[in-house]
Amino acid sequence: MIRSVVRGVGSALPRRVLTNQEMESMVDTTDEWIVQRTGIRQRYIAGEGETTASLGEAAARDALADAGLEPGDIDLIVLATSTPDNTFPASAVDIQNRLGIRHGAAFDIQAVCTGFVYAMTTADLYIKSGMARRALVIGAETFSRILDWNDRTTCVLFGDGAGAVVLEGKEGQGTAGDQGILTAHLRSDGTHKDKLYVDGGPSTTGKAGFIHMEGREVFKHAVGMITDVIYDAFNATGIDAGDIDWLVPHQANLRIIEGSARKLGIPMEKVVVTVDKHGNTSAASIPLALAEAARDGRIKRGDLVLLEAMGGGFTWGSVLLRW
Ligand code: UT7
C-alpha cells in the first residue's frame with residue numbers, strides 16, 4: 001500500500017519577539033503568572049509585510065530545500081489556518097502562486113488549533129488514493145491580528161509563525177513497521193463552539209473579529225480529549241505509549257502537555273516542547289515543533305512520532321507516523 005512519508009520539514013517565524021516582560025507594560029499581567037499558568041516566556045509577532053501567506057511561503061520553501069525538491073515537484077498544497085490573508089481566495093492558492101506552481105490543487109483547511117492534524121490527514125488521503133504524489137502541508141497563522149490587546153486572558157497566550165512538511169507517496173508493506181503516516185484520527189463536537197471563538201466573520205459582522213476564550217472550560221476538556229484520540233491511534237495499530245520515540249503535541253499550555261504525557265505514561269524527555277518560545281501558534285505549532293526537533297537531531301529516520309492537537313470547535317485529533 002502507499003504510505004505518506006515526510007520527506008522534508010521547514011519553518012518560518014516573524015522577526016519581532018515579544019517577551020513576557022514587555023507584556024507587563026501592555027496589560028495587567030506578570031511574567032510569573034504567564035510562566036506558571038502556561039509555560040510561555042515569549043512569542044513572535046508578525047510585523048508589516050509579514051502575513052499568513054508570506055510566513056507560509058517561507059516555511060514551504062524551507063521544507064522544499066530540506067526535501068531537496070523544487071516547487072514544481074509539488075501537486076497538492078493543504079494550508080491549515082484560521083487567519084487567512086483574505087476571506088477568499090484561499091491563502092493556499094496565494095502560496096501556490098508565490099511558489100510559481102501552476103498545476104495541481106491548493107486549498108485551506110480550518111480546524112483552528114487542530115488544523116495541522118486535519119491537514120496532514122487530508123493530504124494523506126489524497127496521496128494514498130493516488131490523487132496526489134507530493135504534498136506541501138503547511139500550518140501558518142497570524143493570531144496577533146485577531147487578538148484584543150486589552151484582554152489579558154487571551155493576548156498573552158498566542159503568537160505568529162508557520163511550519164511545513166513535504167509528504168511523498170512511497171510503497172509500504174501495510175504494517176506498523178512502515179515509514180510514513182500509520183494512522184490518523186479526527187474528532188469534532190460543535191456543542192463547545194462558544195468556549196473558544198472569534199466574534200466576527202464575513203456572514204455575520206463583516207469584520208474579522210477578536211478571539212474569546214473560556215480558558216478554564218477549554219482546559220477542563222483538553223487532556224481527556226487528547227488522550228482519547230491517542231488511544232484510538234494505539235488501538236488501530238497495536239502500538240502503545242512505550243513504543244513512541246517522540247510526542248509532538250499542539251503547544252497551547254505546558255500544563256496540558258505535561259498532563260497528557262503523564263496520563264499516557266510518556267516521559268517528558270520524549271516530548272517536544274516549544275510553547276516557551278513560540279506561545280500558542282494554533283495550526284502552526286506542531287510543524288514548528290517538528291522542524292525544530294528534526295533540525296536539532298532529536299527526531300531521526302525510523303522514529304515513531306505521535307502528533308496530537310485540541311482546539312476551537314472543539315476539534316481534536318492525532319496522527320501517528322514513522323519518520
Ligand atoms: O489552543 C487551543 C486550546 N486552548 C487552550 O488549550 C487553552 C486552555 N486554557 C488554558 O491554558 C488556561 O485556562 C489559561 C492559561 C487560559 C488560564 O489559566 P487558568 O489556570 O485556567 O486560570 P483562570 O482562567 O482560572 O484564571 C485565574 C486567575 C483569574 O483571576 P481570579 O478570577 O481568580 O481573580 C484571572 O482573572 O488569573 C487571572 N488572569 C490573569 N492574571 C494575570 C487571567 N489572565 C491573566 C493574566 N495575568 N494574563
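Between which two helices does the loop that holds Ser-282 lie? Ser-282 is placed in the loop between α9 (275–278) and α10 (285–295), where helices (H or I, at least four residues) and strands (E, at least two) are DSSP runs numbered from the N terminus. This is a predicted model, in which local features need pLDDT of at least 70 and side-chain atom pairs count only at pLDDT 80 or more, while totals for chains, interfaces and linings use all residues. Residues are numbered from 1 along each chain as its sequence is written, and side-chain values use heavy atoms, with hydrogens and water left out.

**The ligand and its surroundings**

- There are 24 residues around the ligand, and Thr-29, Arg-216, His-250, Asn-253 and Asn-280 come nearest; a residue is near a molecule if one of its heavy atoms lies within 4 Å of it.
- Domain 1 (2–171) and domain 2 (180–322) both give residues to this shell, so the ligand lies between them; the domain bounds come from an automatic or database domain assignment.
- Helix α7 gives the most to the shell, with four residues, and the elements that each supply at least two residues include α2 (31–38) and β12 (304–311).
- A polar side-chain atom of Asn-253 lies 2.6 Å from an oxygen atom of the ligand, and an N or O atom in the side chain of Arg-255 is 2.9 Å from an oxygen atom of the ligand.
- Taken alone the ligand exposes 960 Å², of which the protein buries 77%, with accessible areas coming from the Shrake-Rupley method with a 1.4 Å probe, and for residues only the protein chains shown counting as cover.

**The open sheet**

- Five strands form an open sheet in the order β1-β7-β6-β4-β5, with mixed pairing; two strands pair if DSSP finds at least two bridges between them.
- The edge strands, each pairing on one side only, are β1 (2–12) and β5 (105–109).
- Strands β4 (residues 76–80) and β6 (residues 134–142) pair in the parallel sense over five bridges, and Ala-80 stands opposite Gly-139 in β6.

**Backbone features in loops**

- Most residues other than glycine have a negative phi, and most peptide bonds are trans.
- Ser-282 has a positive phi, near 55 degrees, and Val-112, in the loop between β5 and α5 (115–129), has a positive phi near 50 degrees.
- The peptide bond from Phe-88 to Pro-89 is cis, with omega near 0 degrees, and Pro-89 is in the loop between β4 and α4 (91–98).
- The peptide bond from Gly-313 to Phe-314 is also cis, with omega near -5 degrees.

Notes: Polar contact = N/O pair within 3.5 Å; in protein donor to acceptor, adjacent residues only side chain to side chain.
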